[in-house]
Amino acid sequence: MSDKHLNLLMFSGDYDKALAALIIANGARDMGTSVTMFFAFWGLLLLRDPTKMSLEDKTAWEKMFSTMAPRGPEQLPLSKMNFSGIGKNMLLEMMDNNKAPSLSDFLRGARKKGVKFCACKLSLEIMGFKTEELIPEVEVMDVHKYLADAMQANMQLFI
Amino acid sequence: MSDKHLNLLMFSGDYDKALAALIIANGARDMGTSVTMFFAFWGLLLLRDPTKMSLEDKTAWEKMFSTMAPRGPEQLPLSKMNFSGIGKNMLLEMMDNNKAPSLSDFLRGARKKGVKFCACKLSLEIMGFKTEELIPEVEVMDVHKYLADAMQANMQLFI
Amino acid sequence: MSDKHLNLLMFSGDYDKALAALIIANGARDMGTSVTMFFAFWGLLLLRDPTKMSLEDKTAWEKMFSTMAPRGPEQLPLSKMNFSGIGKNMLLEMMDNNKAPSLSDFLRGARKKGVKFCACKLSLEIMGFKTEELIPEVEVMDVHKYLADAMQANMQLFI
């Protein structure tokens with residue numbers, strides 16, 4: 001499927017949903033499919049480089065948000081914080097017991113395999129993140145560029 | 001992309017997800033793409049006209065639900081009520097600081113630009129809403145009509 | 001639309017989202033469209049046969065998870081546990097008042113109508129479920145087989 005294209009809109013900032021998205025993205029690249037991941041709203045938190053937070057040129061709200069919001073993949077919460085009593089630690093233990101790679105591993109895999117990483121311009125502005133605070137290969141784009149990519153894809157998901 | 005069609009299923013009644021959906025819908029209309037938004041379950045709450053609630057011809061449950069559920073766009077909650085401590089007020093402040101339009105603005109934009117608004121017949125019946133309580137341009141349709149529209153679209157999202 | 005194909009990725013384990021997915025799946029089959037539902041993560045809980053739980057060959061975590069997680073469709077929670085004060089009982093009452101079928105009815109309908117049920121191999125391994133604990137017609141597949149099916153579908157949703 002090397003002539004196919006997949007577009008994923010990563011809206012959620014949940015550990016489990018990000019895991020699903022990155023497993024799909026890695027799988028598609030393995031099959032030769034080109035993949036664009038567009039990160040908007042909470043999804044942006046996945047792209048934060050945990051070592052590069054800056055509080056310069058930020059409003060009070062943006063500083064508060066930068067400080068409180070999860071920094072990078074491993075800090076993301078579950079979509080169901082207490083889903084049937086299962087916490088994130090329980091999921092991580094079960095993944096570890098099965099030698100399943102972590103979210104960071106899948107993110108690293110996607111970056112190596114050439115998944116195209118895009119960040120939503122409007123979301124970046126609202127949340128006050130600078131591109132220097134994100135992983136380096138991120139391209140900033142607006143909704144029109146997202147739509148131009150997604151509309152010509154063979155498959156689009158909102159995650 | 002004026003020969004393209006986009007279909008969005010708006011299931012969620014969350015402020016942030018509705019914002020994402022309407023930004024995409026507005027963006028697609030700007031590019032000449034036709035857009036159908038099908039509102040089901042909690043998504044219906046976005047279509048309520050805050051000034052037109054009626055309790056006539058409703059069962060006790062439907063009256064209770066009508067009274068308790070959010071009325072219209074600005075009353076919708078966040079998908080993560082306390083996501084990393086950020087509340088809806090914090091998001092609204094950050095949007096306001098960046099002069100980003102509100103959810104109501106994007107909804108107004110979508111109505112002006114000719115997005116087709118559809119409401120799920122079954123959801124309306126279960127929740128006991130009358131079409132008179134919704135914004136006027138809404139067309140009621142069942143799942144088969146939704147699928148007929150979505151299946152021939154170039155892109156479909158479940159939000 | 002008998003030459004069309006629909007692919008649904010059921011990630012969520014929420015009662016209301018599962019209801020939406022199965023209404024769409026049933027509707028598509030009514031129209032002659034072929035349907036694949038791929039259950040991953042929490043979505044797997046929908047496929048549990050409530051009468052067939054086994055604790056053999058499971059790690060301590062897997063046993064705990066098996067015991068605590070919802071068994072089968074009717075035990076699933078709402079996506080918004082307390083959405084505007086509405087609980088699952090309230091939704092069920094409103095559905096019952098309108099003689100709407102339950103989630104189990106829609107699941108039974110989808111099985112009868114020939115929806116293809118697939119379970120994510122990796123999710124099964126992590127959660128420690130055996131295929132014997134699921135409804136019998138489930139086919140286990142990995143992400144590559146999921147993508148091969150989804151990529152050639154006319155419509156894909158992540159629910």
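Me: Let me start with one residue: is Cys120(B) buried or exposed?

Reply: Keep in mind that this is a predicted model. Buried means under 20% relative accessible area. Cys120(B) has a relative accessible area of 11%, so Cys120(B) is buried. Cys120(B) sits in strand E3 (residues 116-120) of chain B.

Me: Which residues does Cys120(B) touch, leaving out those up to four places away in sequence?

Reply: Phe38(B), Phe39(B), Ala40(B), Leu44(B) and Met141(B). As for Val140(B), 20 residues apart from Cys120(B) along the chain, the two C-alpha atoms are separated by 6.0 Å.

Me: Now helix packing: how do H6 of chain A and H1 of chain B pack?

Reply: In general, two packed helices are described by the angle between their axes and the distance between the axes. Here, H6 (residues 143-151) of chain A meets H1 (residues 15-30) of chain B at an angle of about 80°, and the axes lie 9 Å apart. That makes H6(A) roughly perpendicular to H1(B). By class, their contact has 6 nonpolar, 2 polar and 1 charged residues. On the H6(A) side you'll find Val143(A), His144(A), Tyr146(A) and Leu147(A). The buried residues of H6(A) include Val143(A), Tyr146(A) and Leu147(A).

Me: And what about whole chains: what superposes chain C on chain A?

Reply: The general idea is that two copies of a chain are related by a rotation about an axis and a shift along it. For chain C on chain A, that's a rotation of 120° with 0.0 Å of shift along the axis, at an RMSD of 0.0 Å. The two copies are thus related as by a three-fold rotation axis. They use different surfaces, though: 18% of the contact residues of chain C recur in chain A.

Technical notes. Residues are numbered from 1 along each chain as its sequence is written. Chains are lettered from A and ligands numbered from 1 in the order in which they are written. This is a predicted model: local features need pLDDT of at least 70, side-chain atom pairs count only at pLDDT 80 or more; totals for chains, interfaces and linings use all residues. Side-chain values use heavy atoms; hydrogens and water are left out. Axes are lines fitted to C-alpha atoms, for helices over the stretch in contact, and angles run from 0 to 180 degrees between N-to-C directions. Helices (H or I, at least four residues) and strands (E, at least two) are DSSP runs, numbered from the N terminus. Angles under 35 degrees count as roughly parallel, over 145 as roughly antiparallel, 65 to 115 as roughly perpendicular and the rest as oblique. Contact means heavy atoms within 4.5 Å. Ala, Val, Leu, Ile, Met, Phe, Trp, Tyr, Cys and Pro count as nonpolar, Asp, Glu, Lys and Arg as charged, and the others, Gly among them, as polar. Copies are superposed by least squares on the C-alpha atoms of residues with pLDDT of at least 70 in both. Buried means under 20% relative accessible area, exposed over 50%, partly exposed in between (1.4 Å probe, protein chains only).
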